[in-house]
Amino acid sequence: MPHHGNEEEHGSSADRSQDDGQENDPQKPVIHDNRKVDPKTGQARHPDQEHTGSRDSGSGDALSQAEDILNSVEVPAEESVAQGVDAAAAEELRNDLRRLQAEYVNYRKRVERDRAVAGEMAVIGVLNSLLPVLDDVDAARQHGDLADGPFAAIAAKLEAALKTYGLVRIDETGVEFDPTIHEALIQQPGEVELDTVSQVLRSGYKTGDRVLRAAQVIVAVPA
């Protein structure tokens with residue numbers, strides 16, 4: 001069949017018809033296999049390594065690339081810092097470590113000692129605040145008000161509870177006068193060879209080696 005016109009026009013029109021036909025076709029779905037294990041070989045897949053060749057130097061996850069670089073770098077043992085330290089510097093470092101350890105041990109002992117002192121002072125503060133109550137209990141007992149009854153039981157429980165905290169009463173008579181635990185209010189001549197406590201006017205108290213209050217006493221002195 002004869003052709004009329006330019007043949008190039010016929011060829012270009014045919015090409016355009018083919019392109020239009022491809023554009024009108026529906027696009028097929030693209031399936032990506034993201035499985036981490038190859039079902040054929042059974043080996044683990046490394047997506048980052050598979051796509052490394054197709055990526056340029058400026059694309060991809062910078063953090064992953066940095067980790068790969070760091071993991072791939074091997075530091076020779078002869079270039080390590082530990083082996084580059086001479087014997088004098090190593091000995092100095094060991095001395096610094098010993099000094100820091102000794103300072104830490106001293107600090108821990110000081111903290112434990114301060115904690116024990118703080119606890120002891122707290123107990124002493126409570127005991128000192130209860131001494132007037134014990135004086136009232138002693139006065140009531142001397143007047144016969146605590147011979148029997150519920151108040152006598154309460155007083156006994158209070159004194160027993162305070163003993164558990166180390167409270168000791170100073171109220172002995174016939175013992176040698178000790179100025180560290182006794183306060184002499186009256187001196188009377190008597191048939192004694194040494195200054196002796198003849199009567200206790202007010203009981204004293206101590207806890208451990210600490211005297212909370214000296215006992216007020218009458219002292220018998222040699223005639």
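Trainee: How many helices and strands does the protein chain have, and in what order do the elements run?
Mentor: The model is a predicted one. Its protein chain holds six helices and six strands. Read from the N terminus on, the order of the elements is α-α-α-α-α-α-β-β-β-β-β-β.

Trainee: Which element supplies the largest share of the lining of the second largest pocket?
Mentor: This pocket has a volume of about 170 Å³. Two elements, α5 (87-142) and β3 (196-202), each supply at least two residues of its lining. The largest share amounts to four residues, and the element that supplies them is α5.

Trainee: How many residues of that lining are nonpolar, polar and charged?
Mentor: The lining includes Asp135, Asp138, Arg169, Asp171 and Arg202, and Asp and Arg count as charged. Also among the lining residues are Ala139, Val200 and Leu201, together with Gln142 and Ser203. The division is therefore three nonpolar, two polar and five charged.

Trainee: Among contacts with a separation of 6 or more, what percentage comes from residues 24 or more positions apart?
Mentor: A contact here requires heavy atoms within 4.5 Å. Among the contacts in the protein chain with a separation of 6 or more, residues 24 or more positions apart account for 57%.

Key: Residues are numbered from 1 along each chain as its sequence is written. This is a predicted model: local features need pLDDT of at least 70, side-chain atom pairs count only at pLDDT 80 or more; totals for chains, interfaces and linings use all residues. Side-chain values use heavy atoms; hydrogens and water are left out. On a 1 Å grid over the protein atoms alone, a cavity is a set of points where a 1.4 Å probe fits but cannot get out, and a pocket is an open set with protein on both sides within 12 Å along at least five of seven lines; lining residues have an atom within 4 Å of a point. Grid points are joined across faces, edges and corners, and a volume is the space filled by probe spheres set on the points.
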